[in-house]
Every structure is written in C-alpha cells, then in structure tokens.
Amino acid sequence: MPGKSGIQSGGSQGVGVEGELSIPYRHAAGRHAERFSREMRDNRRIMGVRCSRCEAVLLPPRPYCGFCFEPATEWVEVADEGELVTFTSVQGDPDAAVFEEPRIRALIMLDGAGVHFPHVLGEVAPDDVSEGMRVKAVWSEDRNGTLSDIKYFRPI
Amino acid sequence: MTRAAAVVGAGQTVHADRRTDVSVPELAREAARRALEDAGIRARDVDAVVFGSGPESWEGVNRPEGWIGPALGVPGKPILRVHTGGTTGAAATIAAFYHVTSGMFDVVLAVACDKPSERVAGGLPDDEAGAGFTLDTRELAAMQARQYIDRHYPEVREEHGAMVVAKNRGNAAKNPFAQVRTPVAAKDVMASPPVATPLKELDCPPLADGAAALVIADERRARKIASRPAWFAGLGTCSAGAFMPDFDMAYPEPCVRAAQIAYQMAWIYEPLRELDLVEVYDAFSFQELIWTEALGFCNPGEGGKMVEQGITAMDGEFPVNPSGGILSANPGGAGAMLRQLEAALQVMGRAGEHQVPGVKKAMAHSWGGALQFSTVTIFSHRM
Amino acid sequence: MSESGSLKPDQVSGEARLEYRWAAGGTTGEFLQALRDYRRILGAVCGGCGMVAVPPLSYCEICGGDTDELREVGPRGVVTSWARVIEAPQGSPVEAPFRYVLVLLEGADTALVHLAPDDDRVDVGVTVVPEFREGRSGAVTDIKWFVPEG
Ligand SMILES: [Zn+2]
Ligand SMILES: [Zn+2]
C-alpha cells in the first residue's frame, strides 16, 4: 500500500522524491517447509529429504535437489549436532550499524546431512572458533517453527 | 550458433557513490547514448533492446522496464528485461547475443543499470524454507573466503586478499570511469577494520550508481559498423540450486562448469596460454583468487601465488581486472556487463589508459544470486 | 526493512515496510516543484518532434529525442476519457466514488491521468480546471482533482 510521497528539494542535491510503502505478504510455505517447521517446533527434530538420484540429504527440505534437479521425497532425520564448516564474525550490519558484540555466522554440516546448514554460534568467543570443531544445537523453549527455534549452536 | 555476433560499440557512465542529478531512466539513457555514439549508429538502426537491472528495491523506481525502455531513445522497438542477480548485466548481453545469433535481429542494444544509493532497505523475505534466516552477500563471501583460506593455508593467507585490493585499486587509477581511484597499499587493507572476518573494510566493494550499454551486431553489420569488432567466441552460463551453502564455495561448481562450456565453444584448451586477460567479478577481494582458480588459470590453491608474483598485474603475464574490477566500481546489475564491456574494449584495442598491449582474446566472468548464477564470455579479435 | 515472518506453519506471512528516496532528475524535479510552489503545470517540448508531453520527462517517449525546454500548460484542459470508480483502491488519495479522467491540457499534446469528482458533468469534451490542495508536498496529487469549469 503506497503511503504519502513528496519531494525534498535541495540545490545541488537535486530534487528527491520520498515516501514509504507497506507491503503485507502471505504465501504458502509448501509441504516441505511446513513439515520442517512443524518438526522443529513440536519435536525439536531437524528433518531433511534425500535426493532420489545423488542421495544427498538436503536441508532445509525441498521438493527437488539443487544439484541434479531430481525429486527428493524420502524424509530423513538428521542430528542436531555436527561439524563446523566455515564461519564469519560479523561486526555490524551492511548499513554500518555496529553490533554490541560480534555475531558469529556459521555453516554447519550436521551429522547425517549432505549439505551445509546456516546458523549462528553462541557460548564461544570468535577467537576460539575453528573450522572442524563439533557443535550442538541449543533449542529455544519458545518455538514458532522458524530457524530461530534453535537459539544457536555451541561447541561440544 | 547459427551466425556470428560481435560487440561493436560500448558506453558507460561514471560510477559514482550517488547520482542525485539524474533519475534511473536518465542514468540508463546516458550509457545507451554513449554506446550508440561509440558505434557511430543512430537509434533507428537498433532492432531490439535487452535491458537488465536489479530487483525493484534497488532501482528507485517501480517496474523499471516500463520507464527505462522509452528512455533509451529507441521507441517502438522490442524490449526484454532480464534479471539474474549479480550476473544481470552479463545476462542482458547474453540475451542480446541470442537475439542476434538466432537471426531474429541484426543490431541489438543491451543496457544494464542500477542505482543502489536509492535502494530500499529490505524487501520481501526469501523464506522459501519457512525459516526467514538468510545470509547477506557479505556474510556469504566471508564464509567463502574463510573456507578458501583454511583449505590452502599457508599458500593462501589474508595478505593475498589485500594484494588483490592493492592491485585492482592501482589499475582503477588509470580508468576514468571507476568509482574508487585512489591507490591503497596491501598493508592499508590489512589495517582496515574487520567487518565480517576474515573480510576487512577494504576487502569489500563500494556501491555505485551506474549504467553500461553494448551494441551487438551480426557479422554483416558488425563489419560495416566497426573496424575491429570484439567477436563472441565462447559463452557459458550455469545456474545451480537456490540454497547457497550446498556446494563447495572455495571451488564453486557453477563457475567451473560455465568456464568449461565457454572453453569448449571457443576451442580453448589452455586458458592461461590462449587467453590474454580476464575481467572477473571480484565483489570481494578473495573472490578474485577463487575465480582465477575455478576458471582454470591455475590449480586450486595457487591463486595467492598468482597475485603475489605479479602474474595477474596489469603488466604481468596474465592481467586480471585491468579496469580495477568490482572492487573499484560496483554499480549493481551493471557490474557484470562492465566485465564484458572491459574485456570487449581490450580486444578492440580501445580500453584507453588501462589497455593491455596486443590483446587478441579476453574473457569476462560474473557471479550472482547466492553464488548460483555464473557466466563466462570470451571475446576474440577474429570471428 | 522486512519484519520477520511468522509461520502457521503452512503459511508464511508478515509485512515489509519500505522507505524510499529517489532522485527525480532535473525535469521531473522542476515539474514537482512548480506544482508545489507555484501551482503551475509544466510540459516538456521535444527537440526532436516538437510534441509537448505532460508530465514532462527529459526525453521524448514518442521519438526518443531530448527535451528542449519546459513550458507551462493548462491550467484548463479537455476531458478525453473517464472512468467511474465505485470502490476506492488501497491508498487512494480521494474517497470513492470518484472519476479517473484523461485531461488534455491547453498547449499539451499528451493527456494527463488524473482524478475528478463523481459529477455527471464530467464527460468527454468537457473543459475542466485543476483544484490545488493547500499543504502541497510536491506530488502530482498536489492537484486534488480536475473540476468542470464554471
Ligand atoms: Zn541430487
Ligand atoms: Zn519527440
């Protein structure tokens, strides 16, 4: 829904048109995302699907494999722990707002999975993180079916 | 390919942090006008237009295809808009190439532009997985860099990323269209504040308002229009799945495959020997090293050595990004077309102060999306 | 900024709030400033084909040429088509019912899309004049609508 728009004139800055849009959205999550979310929220389980061709266990689950574009139909539970593949300690957001504490983003290869799982690390200082370390999910008590149902992964 | 095609004219705007004097359509018009002037043809000589731009939230105008088409000065001609993330500008060129080689059109104008200074923060979330948890490009690139360094340490170290920045910024000093033209030393890069480790501030690109345009013609028209056209010799594109962490980011398969397809088409067996230079999409310093390897110019892990020994310098055996690359000018969707434009100009011998002597074959590369799109274009001085 | 989505879990929903600021460019900038500050409507005279377009752009959408100069048009104009709106779309600047009109302003060659009251006198061929708002912000809606003359 478009809000009011108007101009800001300013000599050498030229004329700027300003305004605000508010876009409500709602879309179907799809069968795979629905089960993935429900299993996390209700059962603290991380569910993937196995590709019918290359047999990679895909996370998050999806109807087709991103490598061979074949259907992925068999549901497989993967562990909520695994090995750290790579990470970055992020100092602030792209618009230059600096975080109070760096956030550690990570890709994790969960035991039983065939692809990396993106999440954040907690209970560890950036300097103590190293690739290949074992990490485990810390689940939130207040779960709503999103990836933040896992608060973070901590070193084992 | 049913018939040959070549770049016969090129135009770009200066890439600036912020262009408050022009609207988005006017920015695109600037580049299109220059490309037509460069080719020495009139608007009425253009048979069709392909236009590439980023997502609407990067445009400062809604449905840019509606506005930009008429602004290009070629009213009444067919127009097609393409968008494939960071490779958008390259995809516009590729679509124009298809237009020409199919025999449908003889002269096609490809234009790409973006105005990220007016981008709207955010947008609809990419939560196909129902998760609403996505990595931004910088975080993705940071994790890619770490994976790469970790695999090849100590042959590849953080210093090698800094050397890439120093090299490309030095090259940009000779490119009047570049956005950042002040040289920096590798030690300045190392000393710049961390943003997403191992990336430091100067390992990351600026963001520019800018546009680029190419005139692409079939064999008959190309020979009439240009004395030394840049012929399309090879083209490879590869698109992978949407979930970026799936593949090996330190040696990305979509890039490897796109290169293989292009080499096959161009009959190239030893890229380092047979090509004269490459313009890669160095959105982040370490990516130049990763692409250099994935495109087959050296073995995995040797990217660091390539920059350290000066092989990829402007006056080295195999220059990489003589224009200064994305690290020196990053106009969103136009960035990928700039790689092709610079490679084509090198082949045409018209790159100006950053011309590498005696270029016969040059390559352009780009990546986009969550590392999922890859394009490789090879230009040759001979058809 | 996109607010985080929530899950039903079969539905993903939320709201994206987008703030924007874009450069109008010299021509559109002058057009909007003239509306706001002087209650004047400007058209663009094409250097190529001589057409006068409203709203003005720095280039001509008809022949592709550059705009030569900006020229005041109107304020009177003739309705060339109209449509009655019974249910207002979201974000509509006036309440329904109202009419969309195409107005060919005096001195212009292209019609301006605008609004008119739901008045049976608003019809093809009828001369209309703009009614400007007080508190103008520099938008085409600084003209509230066009009303039949007299
Ligand atoms: Zn598969
Ligand atoms: Zn005209």
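Among contacts in chain B (heavy atoms within 4.5 Å) between residues at least 6 apart in sequence, 80% join residues at least 24 apart in this predicted model. For chain C, 48% of the contacts between residues at least 6 apart join residues at least 24 apart. Residues are numbered from 1 along each chain as its sequence is written, and chains are lettered from A and ligands numbered from 1 in the order in which they are written. Because the model is predicted, local features need pLDDT of at least 70 and side-chain atom pairs count only at pLDDT 80 or more, while totals for chains, interfaces and linings use all residues; side-chain values use heavy atoms, with hydrogens and water left out.

Chain B holds 12 helices and 11 strands, where helices (H or I, at least four residues) and strands (E, at least two) are DSSP runs numbered from the N terminus. Its radius of gyration, 19 Å, is close to the 21 Å given by the globule rule for 383 residues, so chain B is as compact as a globular protein of that length. The radius is taken over C-alpha atoms, and the rule is 2.2 Å times the number of residues to the power 0.38. The C-alpha trace of chain B spans about 55 × 45 × 40 Å along its principal axes. Of its 383 residues, 65% count as buried, meaning under 20% relative accessible area (1.4 Å probe, protein chains only).

Returning to chain B, helix α5 (residues 158–172) packs on helix α10 (residues 285–294) at about 95 degrees, with the axes 7 Å apart. Axes are lines fitted to C-alpha atoms, for helices over the stretch in contact, and angles run from 0 to 180 degrees between N-to-C directions. The angle makes α5(B) roughly perpendicular to α10(B), a class covering 65 to 115 degrees. Residues in this contact include B:Val164 and B:Val165 of α5(B) and B:Phe286 and B:Leu289 of α10(B).

Methods
Parallel < 35°, antiparallel > 145°, perpendicular 65-115°, else oblique. Buried < 20%, exposed > 50% of the residue type's maximum accessible area, 1.4 Å probe, protein only.
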